[in-house]
Amino acid sequence: MGLIGPEEMAAAFDTLEKARTVVIATHIDPDGDAVGSALGLAGLLSKRGKEVAVYDRDPVPYNYKFLPGAETVSDRLPESCDLLCLLDCSSRERAGEKLAAWRGAAKSLCIDHHLTAATEADINLIYPEASATGELIYELALALDPDFGADVAVNLYTAILTDTGSFRYSNASPAAFAAAGDLVRRGVNPWDVTQQVYESHPLARIKLLALVLETLEISPSGQAASVTVTREMFAATGSNSEFTDGMINYPRSIAGVEVAFMVRETGDNEYKISFRSRGRVNVAELAAEYGGGGHHNAAGCRMRGTLAEINRRVFSLIEERLGSAS
Ligand SMILES: [Mn+2]
């Protein structure tokens with residue numbers, strides 16, 4: 001009894017069973033759910049004798065390099081394969097231009113839990129109720145190989161752990177806890193995973209955090225707050241965008257703040273905006289207005305303009321939404 005209905009499960013199972021060569025791809029700037037889901041599925045399929053390649057445009061972030069199979073993730077695509085599995089995103093664009101342009105797969109299967117998901121693939125398993133894509137792969141795992149072991153388990157546990165904010169967010173459902181419990185029973189050591197994911201930061205990250213917190217701005221209402229990351233800060237601390245993971249939680253953690261956002265400089269007058277909501281505002285809708293997407297409480301998009309313009313624009317967007325949401 002899971003989220004994936006019997007017909008969808010049968011279709012996915014059949015498609016996976018028939019494929020001999022599989023490419024598993026996930027979104028750019030991969031997070032714990034992206035990497036954990038991809039490697040979890042890769043582990044299951046390799047054991048069933050498939051030839052599997054895991055594709056990501058970007059390298060595995062330092063705190064997920066401990067995951068079994070992480071060294072196999074690459075930005076190379078084979079000429080062709082029987083099946084492309086797109087995980088934790090639903091459009092090939094989210095996986096980067098190279099994958100979007102690639103026509104090597106005979107068939108495609110998408111597994112995702114984003115609210116704003118598209119249905120571009122031949123088979124789409126899209127369940128926004130799922131805490132993480134990892135929870136959906138867990139359901140598949142029970143069907144594909146009920147005795148799957150600790151290597152797959154640690155990947156799926158990390159996927160669910162990170163997407164639920166360590167089981168603190170509203171998506172920490174009974175199913176997420178149940179899956180995690182079963183994964184621990186299969187050999188996952190929660191403290192080991194915690195240390196790898198949350199307590200193995202390079203010193204540069206903490207130096208960057210100090211600079212980022214200096215940029216904290218809060219709206220007159222006290223309900224919106226922002227932090228900014230510039231390329232200059234990366235250069236000054238010897239860090240890069242993967243070091244910013246989780247920093248947006250600081251402005252949201254302020255009492256009274258409903259929506260927080262982080263503006264990260266990606267190029268000349270080019271910025272990536274990440275949003276976090278406490279729940280009153282659906283930030284996936286907000287991000288979608290600018291061509292982005294995500295979940296009710298966590299979303300992102302890209303914008304062009306000067307930093308000051310973007311800050312003003314986003315603050316007023318949020319204040320507007322807060323006005324209509326209250
Ligand atoms: Mn996810």
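These are my notebook entries on one protein chain and on one of its residues, Leu208.

**Entry 1, overall form.** I note at the outset that the model is predicted. I looked up the secondary structure and found twelve helices and eleven strands in the protein chain. I then checked the radius of gyration, which is 20 Å. A compact globule of 326 residues would have a value near 20 Å, so the chain agrees with that expectation. For the extents, I read about 55 × 40 × 40 Å for the C-alpha trace along its principal axes.

I looked up the buried share and got 53% of the 326 residues. Among contacts with a separation of 6 or more, 65% join residues 24 or more positions apart. The accessible surface of the chain is about 14300 Å², and carbon and sulfur atoms hold 51% of that area.

I took the 30 positive and 44 negative charges and compared their mean positions.

I located Leu208 in helix H8, which covers residues 203–214. Is Leu208 buried or exposed? Its relative accessible area is 0%, and the cut-off for buried is under 20%, so Leu208 counts as buried.

I next asked which residues Leu208 contacts, leaving aside neighbours within four places in sequence. The list is Val229, Met233, Phe234, Thr237, Ser239, Phe243, Thr244 and Met247. I followed up on Thr244, which sits 36 residues from Leu208 along the chain. The C-alpha atoms of Leu208 and Thr244 are 8.0 Å apart.

Conventions: Residues are numbered from 1 along each chain as its sequence is written. This is a predicted model: local features need pLDDT of at least 70, side-chain atom pairs count only at pLDDT 80 or more; totals for chains, interfaces and linings use all residues. Side-chain values use heavy atoms; hydrogens and water are left out. Helices (H or I, at least four residues) and strands (E, at least two) are DSSP runs, numbered from the N terminus. The radius of gyration is taken over C-alpha atoms; the globule rule is 2.2 Å times the number of residues to the power 0.38. Buried means under 20% relative accessible area, exposed over 50%, partly exposed in between (1.4 Å probe, protein chains only). Contact means heavy atoms within 4.5 Å. Accessible areas come from the Shrake-Rupley method with a 1.4 Å probe; for residues, only the protein chains shown count as cover. Lys and Arg count as positive and Asp and Glu as negative; His and the chain ends are not counted. The place of a charge is taken as NZ of Lys, CZ of Arg, CG of Asp or CD of Glu.
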